[in-house]
Structure formats: structure tokens, C-alpha cells
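Subject: Structure handover

Hello,

Here is the structure for your files. Please open it alongside these notes.

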Amino acid sequence: MTNPLPAWSALQTHYEQIRDEKLRDWFAPANDPAPTRAERFTFAGAGLGADFSKNRITDATLKLLVQLAREAGVEARRDAMFKGEVVNPTEGRAALHTALRATEADAPFHAQIAAERAKMAKFADAVRSGAWTGYTGKRIRHVVNIGIGGSDLGPKMVVHALQHLELPEITSHFVSNVDGADLWRTIENIDPEETLAIIVSKTFTTLETMTNALSMRDWFVKHGCPQGELAKHFVGVSANPAEVVKFGIAKENVFEMWDWVGGRYSLWSAVGLSIMIAIGPQQFDELLAGAHDMDKHFREAPLEKNLPVLLGMIGIWYRNFFGSQSYLVAPYSEALHFLPSYLQQLEMESNGKSARLDGKFVDYATSAITWGEPGTNGQHAFFQMLHQGTTIVPIDFIAVLTPEHPLADHHPKLLANCFAQSEAMMLGRTEEEAKKIAGPDKPELVPHIMFPGNRPTTTLLVDALTARSLGALIALYEHKVLVQASVWDINPFDQWGVELGKILGKVVEADLNAASADVKPHDSSTAALIARARAALKR
């Protein structure tokens, strides 16, 4: 893996020098004078704290990583994004998700954004108050968000995270998969007279979303809703209002999204209508405010103390120098259950690229595989591999210090597990320590209870899971993506990789439904799969 930047070469040399060093030794009292590692490598911004001290870094490492960020033009790419310049060159677009939460009157598209948000707030208040009713006059008690990718993952993650702020009279549901089981499991348990469907699609032609939307429309009609009353049960969010109206949604019930906001960055826009209905316009504004706090921190904090820069560059350190294939996000918060799946799209759809901005192919690794599960569940599933396996997986632990629920005696146990896991990952268990535990009668047990330790972790601290702190946390990872894309010299704002499967999917679908003579030629594997499926579908 090569990169022409001087800091990259310096980091490669530095890696060779410290790769066998032990975190345990760096934390030993004799090697950890004041200010301690914890003090030197703990930073704060936008209400969040980040302890990077249990990473395999030294002061020199961090200095070189920041130097690499500067040489790679992180600051210039950041500033260009905030100014609304074209930072998505393959599509000729800006990436102005930050404008959606900006408060400055001179921010790009400020008036347009404010007007759309006011329209959202008016509608959300009507639904929340019961003023908006279904065709029989019953208040709305179920909101079904139908979308996929960024039109589903972000809103679902936020609504689940802030469930403690949700209006109890309304239950939120999210349907994304074209598998009919996803929609069926939702609609069989709700009353159509009390249901509002939000159809979210930038083009309003997305296969999965429109299939589910059409089936839901049929469900309303089948259960007695007149065609002329469907407008009371459907609203649309799209950049293609003509298609929304064509579907049958009233023009006044169309909320606009824009092509200068990518789907995976869009929860701050009208795509977040389900969020606003769930938690209310005031709390939605708090969500935006938290993201704006992180935007300001990203723009103004020195790179040496800049959370998105440090988080991103430490990710570069493991991906490109240690060769780590993946990294784990472990939120010790059930409320953040869907954060890892949200980050999977944010990180891998953004930076899962192999072509540089100049069109040449990279010869170094780009996006790591992002995965995760809430603690403590993961401890009883895959943490065995993290502790004693042969693969080193960097971990982001996320701890919420104040619970959002009344079962207060659970929380010390949760936090204890989080902090103990990061300590255990760092310390490991030496052979001598294992011998003492095994005792003289069971020496054969020693290799099995040794832990290599030296497993790197970052701990992110959130005082309390509020709308504002959640907004800051999401924006932290958004900006981390830009930092890493800048170093890898790739475009994090397009997603051409999802197109080929969609195109071929339409061909295969047509073949599944066609007369046998009309089936198009495929490779032998795909042809055999289609043949088996055709036979099954005819039964």
C-alpha cells in the first residue's frame, strides 16, 4: 500500500518502530507520568467526550496522523463542503447536509430549508395533536415510514434512540425490505383507519419502496378506504414531486428533498418527517442543534483536538498501517441499537470505493468493514474472538453516562461492563497471570486462559441521550467519513456501486415473470437459479 504524501511514509516508518509495543506497558505507572496517557489522549467537542488513550498510538503517532490530514487537504475539503462547492464531482453536486442544520442566515439555501421545515412542523403538530385524522375521523395512532437505505436507516435509528421522547399516542413503524414479510408483519397488527404512511424516495421510482407503497395503498382500499380519501393516509417525501402526485398523493402533502443532500446524509431534511412526528418539532430542532454544534467543532477546533479528525485518522492508522479489515461499533445503550446498521451505510457506501478523484485506481485499502451490536449482547456473542482470536478489530465503545429510563440500578452494571471490556482488551492476561489462575494442577489450561491484550479501543462518552447529544454523535461520524475520504482521495458522496445490481435485477425480474421463450441468456449459475425459481413460482 503506497501513498506519495511525506507523512504517509513517515507513519510507515513509525509503525515499524512501535508495532510490537504493548499498551499495558505504556499504562504502567512507571511509564505514565503526569499528564497521563488518559489526560493527553482524551478530548471533547460538541458535548461529547472521546478517550483515545487505549489505542496503539503515541504522542508522535498522533502528531504524524494530524500532519497526514493536513497534507491530504482535509481542511480544504471540509471548507469546500461547507461553502457549497461541488465536492461530488462524478455527479456534479454539492453535499450540503450541513446546511440543513445551519442557523446562520447566510447559509446556503437557508430560506428554502426554513420554509420546508416550517411546513414539516405544521404537519407534524397536526398529526401529533389529533387534528389530522384518517378518512373515518379517527386520530392517527400509527405512522409507517416506507423507504430504504438512507430513507429508512437514519429515521429508524433516531426514532428508536429517542423513544423516551416519543409521543405515547403514536407508534412508529419502519418498512424497507421488498420481502413482503416486512410490510405484512406491520400492517397485520395496525388499524388502517388510524394509520398514516410516509413514502420516502428521492426519485419515487425505487423498486423496494414503490412495491411496498403500492401494496400498502391496496391494503387501505381493501379495508374500506375510498380512493378519494387516500390522501388522508399518505404523504410523500421526494425530489420528484410529479411522480408523488402521479402515485395519488395530494400535492400539498408532498415534502421536498434536494439533490444536494445524499440519502445517507438526509435524516436532517424532510426525510426525517417520521422523526419529527415521533418526538415533535422542538426536539427535532434540538437534534439539528446538536449536529450544528459538531459542525462548528469540526470547522473551528484545531486538528490536534478535533474529534472527527482524530477519530478518522486513527481509523486510517489501523486500516492502512496495521491492515485491519474491519472495525466494531459497540454502543452500550439499547437505545442506540440501530446505530451500527446506520453507520454501515454511512461508512461503507461513502468510502467503499477503489477509484480516486482523478479516475486512477487506489493501491491502498479504503473503507473498513463496519459492524456492531449493542453491549452487553455482543459480549455473549462475538467478544470471544475480539479477545482471543487472531484478528485485531479496533472498537468504538459508546457509553451514555445517564440512563433515559427509570431502572437506575441497571446502569452501573452496564457502564461497568463497557469500561471493563476496554480495560480487558488493553491489558490481556499474561502467561504468568494465567499460571496463577490455573494453579499447579492444571498447567494445560494456561494457553486457553491467556489473553494477548493490546487490542485497540476508543471510548466515546455521552452525558445523556438527548436529541442534541444524538445529533452531535451522528455528525461526528459523518465528518469522520469526509476526513478519511480526503486521505484516500476518493469521493464519499456518490454510490455508483449500487447501480449495477439494480439494473440486472430488473432483467432477472422480467425473466422470472416471462414466458420461457422470452428469458434472456445468463451465465449457467444465474440461468439455473432463475429456472428453479420459475418452477417454484408456478406451483
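Below is what was found in it.

This is a predicted model, with local features needing pLDDT of at least 70, side-chain atom pairs counting only at pLDDT 80 or more, and totals for chains, interfaces and linings using all residues. Residues are numbered from 1 along each chain as its sequence is written, and side-chain values use heavy atoms, without hydrogens or water.

Strands first. Helices (H or I, at least four residues) and strands (E, at least two) are DSSP runs, numbered from the N terminus. Strands pair if DSSP finds at least two bridges between them. β1 (residues 42-45) pairs with β2 in the antiparallel sense, over four bridges. F43 sits opposite A50 of β2. Two residues separate the strands in this hairpin, and A46 has a positive phi near 55°. β2 also pairs antiparallel with β11 (residues 457-464), over four bridges. There, A50 faces L460 of β11.

Side chains in a regular strand alternate between the two faces of the sheet. β2 (residues 48-51) is covered on both: L48 and A50 are buried on one side, G49 and D51 on the other. Buried means under 20% relative accessible area (1.4 Å probe, protein chains only).

Now the helices. The axes (lines fitted to C-alpha atoms over the stretch in contact) of α1 (residues 6-18) and α13 (residues 307-322) come within 11 Å and cross at roughly 75°. That makes them roughly perpendicular (65 to 115 degrees). Contact (heavy atoms within 4.5 Å) involves α1 residues including W8 and Y15, and α13 residues including W317 and F321.

C225 is buried at 2%, and C418 at 1%.

Best wishes

Conventions:
Buried < 20%, exposed > 50% of the residue type's maximum accessible area, 1.4 Å probe, protein only. Axes fitted to C-alpha atoms, helices over the stretch in contact; angles between N-to-C directions. Parallel < 35°, antiparallel > 145°, perpendicular 65-115°, else oblique.
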